[in-house]
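Subject: Structure for you to look at

Hi,

Here is the structure I said I would pass on. Have a look at it first, and then read on for what turned up.

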Amino acid sequence: MHILIFYDVLFIYSNIVMMYKKFSFLFLFLMMFLWTHLFAQTEMSYQLPPPEVIELVDAPTTPSMSIGPHNNIVALFERPGLPALEDLAAEEMRLAGIRFDPHTNGPSHGWYNIGIQLMDIDGNNLRDVSGLPENPRIRSASWAPDGTKLAFLNTTEDGIELWVLDIRTAHASPVTGPVINDILGNSFNWLTNSQQLIYTAVLSDRGPAPERPRVATGPLVQESIGRRAAVRTFQDLLSDTYDEAIFDYYTTAQLHIADLDGNSEKIWGPAVIWSFQLSPDSRYIRITTLQKPYSYIVPFSRFAQRYDVIDIEGNHIRTVADIPLAEEMPRGFGSTREGPRRIAWRNDAPATLYWVEALDGGDPNTKAEYRDQLFFFDAPFQEQPVAGFKMNYRFSGIQWANDDFALVNEFWRPTRMAKMSSFHPADPAAGLTPIRERSTEDRYGDPGSLQTTVNAYGRSVLMFDENGRDLFLVGQGASPEGNRPFVDVYHFHTGETTRLWRSEAPYYERPIRIIDPNRRLIVTMRESIGDHPNYYLRDLGSDQITQITDFPEPFPQLRALQKEMIYYEREDGIPLSGELFLPPDFTPGMDDPLPTIFWAYPREFLTTDGAGQVTGSPYTYTRLGSTSIVMLVTQGYAVLNNAAFPIVAGETGEPNDTFVEQLVANADAGISTLVEMGVTDPNRVGVSGHSYGAFMTANLLTHSDIFAAGVARSGAYNRTLTPFGFQLEERTYWEAPEVYNGMSPFMHADKMDVPMLLIHGADDNNSGTFPMQSERYYDALRGHGATVKLVMLPHESHGYRARESVLHMHWEWIEWFNRYVRDL
């Protein structure tokens, strides 16, 4: 339409220009008017949505809970509301794939707690913590091994402090001043004695930060000589030697040891310390440092690394591994770097390191019977490491118990297969005893996760019953009726399980922790459609339950909303489901059908069985995130939230070969079902999504005529800008150009004839969803005369956090859908 109007403008112009001298003022006014209305770009102030939406956005947050290691004390953390835009606008450094605050030497725009309370595990003796600073910003809480103290970080204007809370007195006090360096994370550890802590400190004499030279000293050159270095797109990378100097300046730290009275001394450094970990007996420290050369194409996690062991006095014991820069890694989700990786301490031994090494060169495309091998290295680290068992898949973690028993997990991404086996840590070369192997797509068959407890070192180990023969499983309990969490006893000698408990309708109740395996006591979080979540103490033996928290209801105004899990089928027979929300007084089949909004996120599957399994529960309380689409129900819409949008591999084995067709089939099935129910007016349906859901939204509007309008938040629309893979797509653009082009809404901008609203955080740091994706897509749609609007939210990243931004987003959402869906 815009193109036709543009040609009309040219016709008018050709007639007016001959009379320009006589009517020059009229000519200029007309041209300015037409230009402004054809290609409008305005800077507006933040807008507010209707009051009922503001009330939901500003609803009080529910405290988070942390149970002490001995299961007798609970810490409750008070969480703040949304931050102000001014907080997000604070200075921020973006280097080597991370973002940090140069004034605090910690992460920028982090989430904080603003208060702490303590209570006994049965809910009694609730007490406030004294001694906290004014306006605290608390995070990274860590219990001492003996459970008598809780350490945490407090962020101030000048830096980050380390604090300790004494559980007996409920009093908190600082251990350090604002000296903690937490830019790379993992900034403090407890010693096993619970009386001392190790932490990373800013160099006291580091001086002012380097200044960028006013004049370049030479060109920036990158060179590749015949070696493949195919990498996915990354944000915030280093770009020159000045960036390297700044990165070193802020990340260089020293290790200090401090007692609870604040007496501190340096034990090691300076170095760019990525992470460190104390041995369970606190005699040694494993330190990982970043080494040069750095890279301009990958984040710091793939820089060269050195693993050293020092003793608690800071004496160097041994260099365990030097890992080179990993710019050139094999392609594929099962790829990994060569050499030792995931070097850590055995949780059940005083001082034994273990790690894994690839046996296939780190290349998932290489045929190999074994992919990984485990190695062990005992203190005092004078001998050579001991080679352990080999694994068919990639190593994915260990759960320790003792010298006689531990469990190792493996996973292979191409087939989605997971394997668990047992082994004897005292004889790691003896091999593995398989326990189970399953597809991770089969949620119905998930046996759950084995539960852990804390040993004398304060480390996590497998939880046995009092006889040392049985373990415990806690699972989500996915089923055709929705999720029904459970607790099982696992008899590992026979492989059989015994069900102890399962969540029953009309409640959704999930275990938080088994606090006494012999008395069968567990802490759960329980909720229902009409009851907001609270914590409970459940006795599985007597089937008695005691409420231990009484949090205020966050959304009482939503009680009257109608909520229902609906189940329907795609044209090819794949079962689908979604959460349907309706206004309070609406009666399907009796009242006029409603304008309806879909919210979804596509997910890839290898099998139809996995794709058709139900997620979620029909018995959960309606708790909304600050950016939830469900708030549109207050404006008279029906909302199908979390609609299932599976993308299933067909004959080619690649889900994305029929991505667009399956998107449309998912949407068509949902709309048809809601129309048959009498809920939805088929001519007034909108669709929205975030990130990959935004990508879905653009494709649905481009390749179908079943939606009246759409809103896409923080998406990617041109897959040629992510040419070495995206989401779960492993093929490159050059291997499957027809797939990349066919899936890219940008390539089909000329087909868009449905109103589209694009919203994007101007500082999006998510890999693949650069803000340019929305900007260029908007230009393409505008150039082809589409009805389109682009909203860039200043200072926002991939998810939107500032209150001003969130409220404005809701205003845009509502205005767009009212104009192009509701009021049709």
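Let's start with the aromatic rings: a search of the whole structure, which is a predicted model, finds 32 aromatic pairs. Take Trp355 and Phe375: their ring centres are 6.3 Å apart and their planes sit at 15 degrees, so this pair is stacked. The two come from distant parts of the chain, with Trp355 in strand E20 (residues 352-358) and Phe375 in strand E21 (residues 372-378), 20 residues apart. Trp355 and Phe375 are both buried.

Arg526 lies over the face of Tyr536, 5.8 Å from the ring centre. Arg719 does likewise with Phe695, at 4.5 Å from the ring centre.

Next, the salt bridges. The whole structure has 34 of them. One brings together the side chains of Asp360 and Arg371, at 2.8 Å from N to O. Both residues lie in the loop between E20 and E21, so the pair ties together parts that are 11 residues apart in sequence.

Another salt bridge links Arg416 and Glu441, where the closest N and O atoms are 3.9 Å apart. Arg416 is in the loop between strand E24 (405-412) and strand E25 (417-423), while Glu441 is in the loop between strand E26 (433-439) and strand E27 (449-450), so this bridge ties together parts 25 residues apart in sequence. Arg416 and Glu441 are both buried.

Then there is Glu504 with Arg484, whose closest N and O atoms are 2.7 Å apart. This pair again links distant parts of the chain: Glu504 is in the loop between strand E32 (496-502) and strand E33 (507-516), and Arg484 is in the loop between strand E30 (470-475) and strand E31 (486-491), 20 residues apart. Glu504 is partly exposed, at 48% relative accessible area.

Now for the inside. Which residues have the most contacts within the largest nonpolar core? They are Phe598, Phe645, Phe707 and Met756, in a core of 55 residues. Leaving aside neighbours within four places in sequence, Phe598 is in contact with a list of residues including Leu640, Phe645, Ile671, Leu674, Val685 and Phe707. A second, separate core has 37 residues, among them Tyr621, Ala708, Tyr800 and Trp813. As background, nonpolar side chains in soluble globular proteins tend to be buried together.

Last, helix H8 (residues 692-703). The buried ones include Tyr692, Met696, Leu700 and Leu701. Phe695 is buried in H8 too, and that is the ring with Arg719 over its face.

Cheers

How values were computed
Residues are numbered from 1 along each chain as its sequence is written. This is a predicted model: local features need pLDDT of at least 70, side-chain atom pairs count only at pLDDT 80 or more; totals for chains, interfaces and linings use all residues. Side-chain values use heavy atoms; hydrogens and water are left out. Rings of Phe, Tyr and Trp (its six-membered ring) pair if their centres lie within 6.5 Å; planes under 30 degrees apart count as stacked, over 60 as edge-to-face and the rest as tilted. Helices (H or I, at least four residues) and strands (E, at least two) are DSSP runs, numbered from the N terminus. Buried means under 20% relative accessible area, exposed over 50%, partly exposed in between (1.4 Å probe, protein chains only). A charge sits over a ring if NZ of Lys or CZ of Arg is within 6 Å of the ring centre and within 35 degrees of the ring normal. A salt bridge is a side-chain nitrogen of Lys or Arg within 4 Å of a carboxyl oxygen of Asp or Glu. A nonpolar core is a set of buried Ala, Val, Leu, Ile, Met, Phe, Trp, Tyr and Cys residues joined through side-chain atoms within 4.5 Å. Contact means heavy atoms within 4.5 Å.
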